Amino acid sequence: MVTRTSSTSATQDETTGTRIIGADPRRSDGPGPEVMDAATLIDDDVVNATGEDLGKIESIMLDVQSGRIAYAVLSFGGFLGMGTKLFAIPWSALTLDADEKRFVLDTPKERLENAPGFDKDHWPSMADPRWAKELHAYYDVAPYWEQDLATTRDPRTSAGSATTRTGD
């Protein structure tokens, strides 16, 4: 689920995924930005709210049991792949800027530099509940598994009204 907004100051209370800013929602010339091939997001730039470069999307991690995107893996720093640090970023902490074809992470560069990270050969156990709760707390977003999917706002419904999902 994504929520389209017209500014980067959007609230998170109606979404269980990443927010989308920019792009004309009436466009019908192909997929996106609401539904996209995950592979097209790999190597997308990530900037903070002030426009500082924070890195690129390296991977998108899917929680297979729930069918939700759990994390984007951000690569940051290094040169030609050497010294690059990876960070798991909760999907809901990101905003897709469809006009600029990049993501925005509302985190100062210094905070990201001090965030829990890992290298390409030593990934954390992303299914570990303790690790996941600490990570979501670091980025100040609710864990995706605690977000209610029963009542969501879906702009594809008439007037974007609240819809209730029943057992699929």
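**Figure 1. Two helices and 10 strands make up this protein.** Helices here are DSSP runs of H or I with at least four residues, strands are runs of E with at least two, and both are numbered from the N terminus. What you see is a predicted model, in which local features need pLDDT of at least 70, side-chain atom pairs count only at pLDDT 80 or more, and totals for chains, interfaces and linings use all residues. Residues are numbered from 1 along each chain as its sequence is written, and side-chain values use heavy atoms, with hydrogens and water left out. Of the 168 residues, 39% count as buried (buried is under 20% relative accessible area, exposed is over 50%, and partly exposed is in between, using a 1.4 Å probe and protein chains only).

**Figure 2. The largest nonpolar core has 33 residues.** A nonpolar core is a set of buried Ala, Val, Leu, Ile, Met, Phe, Trp, Tyr and Cys residues joined through side-chain atoms within 4.5 Å. Look for Tyr71, Ile89, Leu94, Leu112 and Tyr139, which have the most contacts inside this core. β4, β5, β6 (85–90), β7 (94–97), β8 (102–105) and α2 each supply at least two of its residues. Which strand gives the most to this core? That's β5, with six residues. In soluble globular proteins, nonpolar side chains tend to be buried together.

**Figure 3. Lys56 and Asp45 form a salt bridge.** That term stands for a side-chain nitrogen of Lys or Arg within 4 Å of a carboxyl oxygen of Asp or Glu. In this pair, the closest N and O atoms are 2.5 Å apart. Lys56 sits in strand β4 and Asp45 in strand β3 (residues 45–47), so the bridge ties together parts that are 11 residues apart in sequence. Lys56 is partly exposed at 35% relative accessibility, and Asp45 is partly exposed at 34%.

**Figure 4. Zoom in on Arg102 with Asp97, and on Arg130 with Glu134: each pair is a salt bridge.** The structure holds three salt bridges. Arg102 and Asp97 meet at 3.9 Å, N to O. Is Asp97 buried or exposed? Asp97 is buried, at 9% relative accessibility, while Arg102 counts as partly exposed at 25%. For Arg130 and Glu134, the N to O distance is 3.3 Å. Both lie in helix α2 (residues 129–138), four residues apart, or about one turn of the helix. Arg130 is exposed at 62%, and Glu134 is partly exposed at 47%.

**Figure 5. Ring pairs link Tyr71, Trp131, Tyr144 and Trp145 into a cluster.** Rings of Phe, Tyr and Trp (its six-membered ring) pair if their centres lie within 6.5 Å; planes under 30 degrees apart count as stacked, over 60 as edge-to-face and the rest as tilted. The whole structure has seven aromatic pairs. Tyr144 and Trp145 have ring centres 5.1 Å apart and planes at 85°, so this pair is edge-to-face. Tyr144 is buried at 10% relative accessibility, whereas Trp145 is partly exposed at 37%.

**Figure 6. Leu62, Val64 and Ile69 form a nonpolar patch on the surface.** Patches are made of residues with over 30% relative accessible area and no salt bridge; like charges are joined within 9 Å, and nonpolar side chains (Val, Leu, Ile, Met, Phe, Trp, Tyr) within 5 Å. Together the three have about 280 Å² of accessible area (from the Shrake-Rupley method with a 1.4 Å probe; for residues, only the protein chains shown count as cover). Val64 lies in the loop between β4 (53–63) and β5 (68–76), and counts as exposed at 69% relative accessibility.
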